[in-house]
Amino acid sequence: MNNQLNYKKLTEEVEKIAIAAGKYIRNERTNFDTGKVEQKGNHDFVSYVDKTSEKQIVTELEKLLPQAGFIAEEGTRQNRGEIYNWIIDPLDGTTNFIHGIYPFAVSIALMENNEIVSGVVYEIGLDECFSASKKGGAFLNGKQIKVSDKSKLDNCLIATGFPYSNYSKLDKYMTSLSRLMVESHGIRRIGSAATDLVYTACGRFDAFYEYGLSPWDVAAGVIIVKEAGGKISDFQGNDNYIFGKEIVAANNLVFDEFSNLIKNCLN
């Protein structure tokens with residue numbers, strides 16, 4: 001690669017890497033032994049499948065961009081690069097995977113300095129590869145996608161993730177759920193933040209919010225939502241959503257109404 005990356009071509013290569021990892025994960029799920037699951041923390045699980053798929057992904061990404069560092073969930077590689085860093089979740093939705101429930105996904109993003117410039121989320125259950133590159137649009141299996149055109153929260157289907165280890169905002173979160181039950185079309189919790197974001201990007205969901213997240217949960221999905229025409233912020237309405245452990249995403253028409261509700265409930 002030269003000093004100026006071709007983001008689109010690089011993203012196409014990352015798609016292949018994500019799909020290959022997804023194939024391995026799908027095959028392992030067929031005869032998966034739940035007795036091999038480890039617990040990283042309170043309600044936070046990992047298996048040999050997460051670790052092996054991450055090693056596979058890291059090996060291939062090193063070939064693709066040798067100068068890049070890694071921010072990877074399972075810690076198989078954690079050397080930070082000066083300019084480029086891959087942000088990897090080898091299996092987003094591990095709890096779903098353990099129980100044999102879809103969705104679960106591979107999520108890979110490239111950060112250049114402090115900006116996400118490429119993202120791929122491969123949802124394994126439906127064999128759907130979502131991708132985006134800086135100023136290149138967002139795609140699902142090669143077809144361009146856009147966020148929904150809902151302009152009122154009352155007509156919107158909202159995605160969220162339940163707190164599973166950090167309960168510091170639980171009461172405020174329950175307030176937000178109560179508000180949204182009344183003020184939206186409905187709420188869904190599917191168990192994979194990366195998938196929540198790409199479903200928002202393609203208009204299946206109109207908005208998404210969650211706290212207690214890590215950068216590998218959201219990095220790839222963020223650029224896919226943005227390139228699909230959506231907006232992203234943290235709960236305060238600022239830009240600290242990659243490392244700030246909280247995120248609000250929505251189509252551009254309903255974003256202000258939705259983000260104001262979340263801000264009022266969760267701050």
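Threonine 52 is partly exposed, with a relative accessible area of 29%; buried here denotes under 20% relative accessible area, exposed over 50%, and partly exposed the range in between (1.4 Å probe, protein chains only). This threonine belongs to helix H2, residues 48-64, where helices (H or I, at least four residues) and strands (E, at least two) are DSSP runs numbered from the N terminus. Between threonine 52 and glutamate 112 the separation is 60 residues in sequence and 26 Å in space, C-alpha to C-alpha. The model is predicted, with local features requiring pLDDT of at least 70 and side-chain atom pairs counted only at pLDDT 80 or more, while totals for chains, interfaces and linings use all residues. Residues are numbered from 1 along each chain as its sequence is written, and side-chain values use heavy atoms, with hydrogens and water left out.

Seven salt bridges are present, each defined as a side-chain nitrogen of Lys or Arg within 4 Å of a carboxyl oxygen of Asp or Glu. One of them joins glutamate 13 to lysine 16 at 3.2 Å, N to O. These two residues are separated by about one helical turn, because they stand three residues apart in helix H1 (residues 7-30). Glutamate 13 is partly exposed at 32% relative accessibility, whereas lysine 16 is exposed at 53%. Another salt bridge connects glutamate 115 and lysine 134, also at 3.2 Å, N to O. Glutamate 115 lies in strand S6 (residues 115-123) and lysine 134 in the loop between strand S7 (128-133) and strand S8 (138-140), so the pair ties together parts that are 19 residues apart in sequence. In helix H4, the side chains of glutamate 183 and arginine 179 meet in a salt bridge of 2.5 Å, N to O. Both are partly exposed, glutamate 183 at 29% relative accessibility and arginine 179 at 31%.

The structure also contains seven aromatic pairs; rings of Phe, Tyr and Trp (its six-membered ring) pair if their centres lie within 6.5 Å, and planes under 30 degrees apart count as stacked, over 60 as edge-to-face and the rest as tilted. Tyrosine 173 and tyrosine 209 form a tilted pair, 5.8 Å centre to centre with 40 degrees between the planes. This pair links distant parts of the chain, with tyrosine 173 in helix H4 and tyrosine 209 in strand S12 (residues 207-211), 36 residues apart. Tyrosine 173 and tyrosine 209 are both buried. Tyrosine 173 also pairs edge-to-face with tyrosine 211, at 6.3 Å centre to centre and 70 degrees between the planes. Tyrosine 211 is buried as well, with a relative accessible area of 6%. Ring pairs link Tyr173, Tyr209, Tyr211 and Phe258 into a cluster.

Charged side chains also lie over aromatic rings, a contact that requires NZ of Lys or CZ of Arg within 6 Å of the ring centre and within 35 degrees of the ring normal. Lysine 8 lies over the face of phenylalanine 139, 5.3 Å from the ring centre. The charged end of arginine 204 sits over the ring of tyrosine 199, at 4.7 Å from its centre.

No disulfides, defined as pairs of cysteine sulfur atoms within 2.5 Å, are present. For cysteine 129, the nearest cysteine sulfur is that of cysteine 202, 13 Å away. Cysteine 129 is buried, with a relative accessible area of 5%.
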